[in-house]
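Before reading on, please take a moment with the sequence and the model shown here. The report then takes up a few of its features in turn.

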Amino acid sequence: ASKILLRNGSFFGEIALVMEVRRTCSVMARTVCEVNILQQNAFDEILQSNPLFARRMNELVVARQLDSHIARTHTKGIDFQVSQNDIDLAVEVM
């Protein structure tokens with residue numbers, strides 16, 4: 001699995017929260033850091049009270065999943081394009 005460096009203000013685990021699934025990655029700190037945990041029920045309340053934020057989180061999850069999928073298929077010699085319409089439809093389904 002590829003490594004991603006998170007910086008101050010970065011977050012992870014959003015796919016698990018939005019899709020209500022188990023996390024699919026591991027995280028290791030290189031330095032001392034502060035970690036905040038957001039439980040599913042608190043996240044759901046935030047989404048319900050902030051529809052614009054909910055849509056943005058859905059867009060982010062779709063984008064990250066597409067990036068991950070494209071990276072995996074590209075290493076297998078497969079190349080494809082995703083239209084903005086397809087992305088919009090995926091966000092609406094979530």
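Predicted model: local features only at pLDDT ≥ 70, side-chain atom pairs only at ≥ 80, totals over all residues.

## The largest pocket

The largest pocket has a volume of about 2,300 Å³, and of the 47 residues that line this pocket, the closest to its centre are Leu-6, Phe-11, Phe-12, Cys-25 and Val-27. Two or more lining residues come from each of the elements H1, helix H2 (40-49) and helix H3 (51-75), with H3 giving the largest share, 9 residues. By type, the lining divides into 23 nonpolar, 14 polar and 10 charged residues.

## A nonpolar surface patch

Ile-4, Leu-6, Phe-12, Val-27, Val-35 and Ile-37 make a nonpolar surface patch of about 620 Å². Leu-6, which lies in the segment before helix H1 (14-19), is partly exposed, with a relative accessible area of 38%.

## Salt bridges

A search of the whole structure finds 3 salt bridges. In one of them, Glu-14 pairs with Arg-64, their closest N and O atoms being 2.5 Å apart, and this pair links distant parts of the chain, since Glu-14 is in helix H1 and Arg-64 is in helix H3, 50 residues apart. Glu-14 is buried at 6% relative accessible area, whereas Arg-64 counts as partly exposed at 33%.

Within helix H3, Glu-59 forms a salt bridge with Arg-55, with the closest N and O atoms 3.2 Å apart, and the two residues are 4 residues apart, about one turn of the helix. Arg-56 also forms a salt bridge with Glu-59, here with a distance of 3.6 Å between the closest N and O atoms, and the shared partners join Arg-55, Arg-56 and Glu-59 into one network.

Terms used: Residues numbered from 1 in each chain as written. Heavy atoms only, no water. Patch = residues over 30% accessible without salt bridge, like charges linked within 9 Å, V, L, I, M, F, W, Y side chains within 5 Å. Areas by Shrake-Rupley, 256 points an atom, 1.4 Å probe, with all protein chains shown as cover. Salt bridge = Lys/Arg side-chain N within 4 Å of Asp/Glu carboxyl O. Buried < 20%, exposed > 50% of the residue type's maximum accessible area, 1.4 Å probe, protein only. 1 Å grid on protein atoms, 1.4 Å probe; cavity = no way out; pocket = protein on both sides within 12 Å on 5 of 7 lines; lining within 4 Å. Points joined across faces, edges and corners; volume = space filled by probe spheres on them. Nonpolar A, V, L, I, M, F, W, Y, C, P; charged D, E, K, R; others polar.
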